[in-house]
Amino acid sequence: MKNILVIEDETKIRNLFLNCLKSEGFCTIGAENGIIGIQRARECSPDLVLCDISMPELDGYGVLNTLRQDPVTAVIPFIFLTVTLTKSELRKGMNLGADDYLTKPCSVEELLGAIAARLEKQTALKQWYLNQHQSLKKSQSTDTATFYPTSSRLSKVFQYIEENYHQQINLSDVAQAVGYSHAYLTNLVKRQTQRSVHDWIVERRMTEARYLLINTDETVNRIATKVGYVDAGYFIRLFRQIHKLPPKEWRNTSRIQLVEECFSASSSLN
């Protein structure tokens, strides 16, 4: 069953929409003003929002603008409800990302038709998003068969790093594990890969960190621990040095980019 959020300050009209949608088999959520509407949208993640334009405290444009700036609510289909609709109002709503308009009063057929069209488009968009997300997960995951260069002389080195990168290992640990001196191991890895042992440990850790940042909601401190850094502050500084952004900002930016791609895909489905 689809959840529909109705944001309408006039109780009689709000209840009319809620009862109509309930009778058609929808789950409904009501909100008496824009501020409460935003809270309900964030709490309930509705499948679609019906929102009046003219409301006290925060009008429909403010609601839409706020929801579109939050990656969690940005792609929820949004239909405006209005008594009158001027060309400038239409353009303003569309520029903010409105999906449709309904003028009050509207017939049941018009209401259900608009909702059905938006939900059908949303289904296609969700499938696109799922495909993109799976592709992103695949690109962020580490295929150890291709991550490390092929070298018979370094196979034990890379195997040890792969099995222990999430712990506090360093050059000494790797050298002891493979039976090489520090100097010999350093020179060997440098000649074979043009990188140091430390570089390979850091790269493996950062690859896993990027994967966890994109695909989980775990805290940065927890991710730091998972990839072998007891000092989260050091992990954050190192991540920023490599990626030009701190982990939290990198996570948000990456997810927003995915949402923006969703909007581009959404436009192509119109």
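**D52 and its surroundings**

Biologist: Which residues is D52 in contact with, leaving aside its neighbours within four places in sequence?
Modeller: Leaving aside those neighbours within four places, D52 is in contact with I7, E8, D9, G60, L81, T82 and K104. Please keep in mind that this is a predicted model.

Biologist: And where does D52 sit, in terms of secondary structure?
Modeller: D52 belongs to strand 3, which covers residues 48–52.

Biologist: Is D52 buried or exposed?
Modeller: D52 counts as buried, because its relative accessibility is 5%, and the cut-off for buried is under 20%.

Biologist: What feature does UniProt place at D52?
Modeller: The UniProt record, an unreviewed entry, places "modified residue: 4-aspartylphosphate" at D52. Such annotations may be inferred rather than shown by experiment.

Biologist: OK, on to the strands. Which strands does strand 3 pair with?
Modeller: Strand 3 pairs with strand 1 in the parallel sense over 4 bridges, and L5 stands opposite V49 in that pairing. Strand 3 is also joined to strand 4 by 4 bridges, again in a parallel run, with L50 standing opposite I79.

Biologist: What lies between strand 3 and strand 4 in their β-α-β unit?
Modeller: Helix 3 lies between them, and the β-α-β unit that strand 3, helix 3 and strand 4 make is right-handed.

Biologist: What about strand 1, how enclosed is it?
Modeller: Strand 1, residues 3–7, has 4 of its 5 residues buried, so the strand is largely enclosed by the rest of the structure. Strand 1 also runs parallel to strand 2 (residues 27–31), with 5 bridges joining the two, and in this pairing I7 stands opposite A31.

Biologist: Switching to packing: which residues touch the most other members of the largest nonpolar core?
Modeller: This core has 20 residues, and those that touch the most other members are L5, I7, V49, C51, V63, F78 and F80. The elements giving two or more residues to the core are strand 1, strand 2, helix 2 (34–44), strand 3, helix 3 (60–68) and strand 4 (78–82). Helix 3 gives the most, with 4 residues.

Biologist: What does F80 touch, not counting residues up to four places away in sequence?
Modeller: With those neighbours left out, F80 touches C51, I53, G60, Y61, L64, G93, A98, D100, Y101 and L102. There is also a second, separate core of 17 residues, which includes V157, F158, V174 and V197.

Biologist: Tell me about V174, then. Where is V174 found?
Modeller: V174 is found in helix 8 (residues 171–178), and V174 counts as buried because its relative accessibility is 0%. Not counting residues up to four places away in sequence, V174 touches V157, Y160, I161, L185, V197 and I201. As for K156, that residue is 18 residues from V174 in sequence and 9.1 Å from V174 in space, C-alpha to C-alpha.

Biologist: I work with cysteines a lot, so how many disulfides does the structure hold?
Modeller: The structure holds 0 disulfides. C106, for instance, is in no disulfide, and the nearest cysteine sulfur, that of C20, is 8.0 Å away.

Biologist: How accessible are C51 and C106?
Modeller: C51 counts as buried, at 0% relative accessibility, whereas C106 is partly exposed, with a relative accessible area of 22%.

Biologist: Last one, what does the whole chain look like?
Modeller: The secondary structure of the chain comes to 13 helices and 5 strands, and 42% of its 270 residues count as buried. Among contacts between residues at least 6 apart in sequence, 61% join residues at least 24 apart.

Conventions:
Residues are numbered from 1 along each chain as its sequence is written. This is a predicted model: local features need pLDDT of at least 70, side-chain atom pairs count only at pLDDT 80 or more; totals for chains, interfaces and linings use all residues. Side-chain values use heavy atoms; hydrogens and water are left out. Buried means under 20% relative accessible area, exposed over 50%, partly exposed in between (1.4 Å probe, protein chains only). Two strands pair if DSSP finds at least two bridges between them. A disulfide is a pair of cysteine sulfur atoms within 2.5 Å. A nonpolar core is a set of buried Ala, Val, Leu, Ile, Met, Phe, Trp, Tyr and Cys residues joined through side-chain atoms within 4.5 Å. Contact means heavy atoms within 4.5 Å. A crossover is right-handed if, with the strands pointing away from the viewer, the path from the first strand over the helix to the second runs clockwise.
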